[in-house]
Amino acid sequence: MSALRIAAVGDVHLDESLRGDYRRRLDGIEDRADVLLLAGDLTRHGTMEEGEMVADEFHDLPIPVVAVLGNHDYHSDRPAEIAALLRGAGIEVLHDDATVIEIDGMRLGVAGGKGFGGGYAGKCASDFGEPEIKAFIGHTKRIADRWRVALKEMEADYRVVLSHYSPVKDTLDGEPLEIYPFLGSYLLAEAVDAEGADLIIHGHAHAGTEKGVTPGGIRVRNVALPVLGRAYGVYLL
């Protein structure tokens, strides 16, 4: 069985000043990859105008495009409308669910969503005390549970998890320790390790590093544009 080529990037933060620029950087992507995954923070402030620009930059590519939103895409309180814009442009948008794409007779399953924070084992918040803290951690727990279900129900030859927030701290190396709880949560990695996957893609950590691994041995790649330093990374399954 041939390997699938997964192109991925996050944190492109497109706004009007960048119109047309990213599209040019995607020329010929079909020669290098079988699918493009977008790991959130596609806009700068989550406005509809920026959402329309993202749709324009990534629509009608010669390979399938799957995206999740990031915290910036929520900033103007219009994430559902931005997701609808992207779906109208032919981009699959995950919201704690999954999709299966057939590529050359192989089924690629992609599960995930924005993710959320809380920190990492031994240095994490817990759902104890004030209702605000319980709500914060409870939100991440619900997301992790949905990912677990999505992966469990998925029927695919290869399985990739796409997130904005990081499931591991390995790929945060370079970020201030004080903000780790706002960059991701170990609960996300626990969910993926429980059901299994071939690769996890995330963004969000601009000052982090590219490569990490979950406690269960699954490859993790931080594809934030400032980390990659190129239009997208390509990973083989």
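Visitor: Which residue in β2 does I6 stand opposite?

Guide: I6 stands opposite V35 in β2. Keep in mind that this is a predicted model.

Visitor: How many bridges join β1 to β2, and which way do the strands run?

Guide: There are 4 bridges between strand β1, residues 5-9, and strand β2, residues 35-39. The two strands run parallel.

Visitor: What sheet has β2 and β1 in its order?

Guide: An open sheet of 5 strands. The order is β4-β3-β2-β1-β13, and the pairing is mixed.

Visitor: Which strands stand at its edges?

Guide: β4 (92-93) and β13 (233-236). Each has a single partner strand, so one side of each is left without a neighbour in the sheet.

Visitor: Now the helices. Is α2 mostly covered or mostly uncovered?

Guide: Mostly covered. Of the 11 residues in α2, 8 are buried. They are M48, E50, G51, M53, V54, A55, E57 and F58.

Visitor: What do those buried residues pack against?

Guide: The buried residues of α2 pack against α1 (21-25), β2, β3 (65-68) and α3.

Visitor: Let's take α3. At what angle do α2 and α3 pack?

Guide: About 25°, with the axes 9 Å apart. α2 covers residues 48-58 and α3 covers residues 79-88. The two helices are therefore roughly parallel to each other. α2 passes α3 in a right-handed crossing.

Visitor: Which residues meet there?

Guide: From α2, M48, G51, E52, V54 and A55. From α3, E81, I82, L85 and L86. The residues of this contact of α2 with α3 divide into 6 nonpolar, 1 polar and 2 charged.

Visitor: What follows α2?

Guide: D60 follows α2, and its phi is positive, near 55°. D60 sits in the loop between α2 and β3.

Visitor: Is D60 buried or exposed?

Guide: Exposed. Its relative accessibility is 62%, and the cut-off for exposed is over 50%.

Visitor: What about H204: what is its phi?

Guide: H204 has a positive phi of about 80°, although H204 is not a glycine. H204 is in the loop between β10 (199-202) and β11.

Visitor: And is H204 buried or exposed?

Guide: Buried. The relative accessible area of H204 is 12%, and buried means under 20%.

Visitor: Which sheet has β10 and β11 in its order?

Guide: An open sheet of 6 strands, in the order β5-β6-β9-β10-β12-β11. Its pairing is mixed. At the edges stand β5 (97-103) and β11 (211-213), each with a single partner strand, so one side of each has no neighbour in the sheet. From one strand to the next, the twist averages 25°.

Visitor: How do β5 and β6 pair?

Guide: In the antiparallel sense, over 7 bridges. D97 has G112 in β6 as its bridge partner. The hairpin of β5 and β6 has 2 residues between the strands, and D104 takes a positive phi near 50° there.

Visitor: And how many bridges join β6 to β9?

Guide: There are 6 bridges, and the strands run parallel. β6 is residues 106-113 and β9 is residues 158-163. G109 stands opposite R159 in β9.

Visitor: Back to helices. How do α4 and α5 pack?

Guide: At an angle of about 20°, with their axes 9 Å apart. That makes α4 roughly parallel to α5. The crossing of α4 past α5 is right-handed.

Visitor: Which residues make the contact?

Guide: On α4, the list is T140, K141, I143, A144, W147, R148, L151 and K152. On α5, the list is L187, L188, E190, A191, V192, A194 and E195. The residues of the contact of α4 with α5 divide into 9 nonpolar, 1 polar and 5 charged.

Visitor: Let's look at I143. Is I143 buried or exposed?

Guide: I143 is buried, with a relative accessible area of 2%. I143 lies in α4, residues 131-153.

Visitor: What does I143 touch?

Guide: I143 touches D96, G115, F116 and L188, leaving out residues up to four places away in sequence.

Visitor: How far apart are I143 and R230?

Guide: I143 and R230 are 87 residues apart in sequence. In space they are 30 Å apart, C-alpha to C-alpha.

Key:
Residues are numbered from 1 along each chain as its sequence is written. This is a predicted model: local features need pLDDT of at least 70, side-chain atom pairs count only at pLDDT 80 or more; totals for chains, interfaces and linings use all residues. Side-chain values use heavy atoms; hydrogens and water are left out. Axes are lines fitted to C-alpha atoms, for helices over the stretch in contact, and angles run from 0 to 180 degrees between N-to-C directions. Angles under 35 degrees count as roughly parallel, over 145 as roughly antiparallel, 65 to 115 as roughly perpendicular and the rest as oblique. A crossing is left-handed if the near helix is turned anticlockwise from the far one by less than a right angle, and right-handed if clockwise. Contact means heavy atoms within 4.5 Å. Ala, Val, Leu, Ile, Met, Phe, Trp, Tyr, Cys and Pro count as nonpolar, Asp, Glu, Lys and Arg as charged, and the others, Gly among them, as polar. Buried means under 20% relative accessible area, exposed over 50%, partly exposed in between (1.4 Å probe, protein chains only). Two strands pair if DSSP finds at least two bridges between them.
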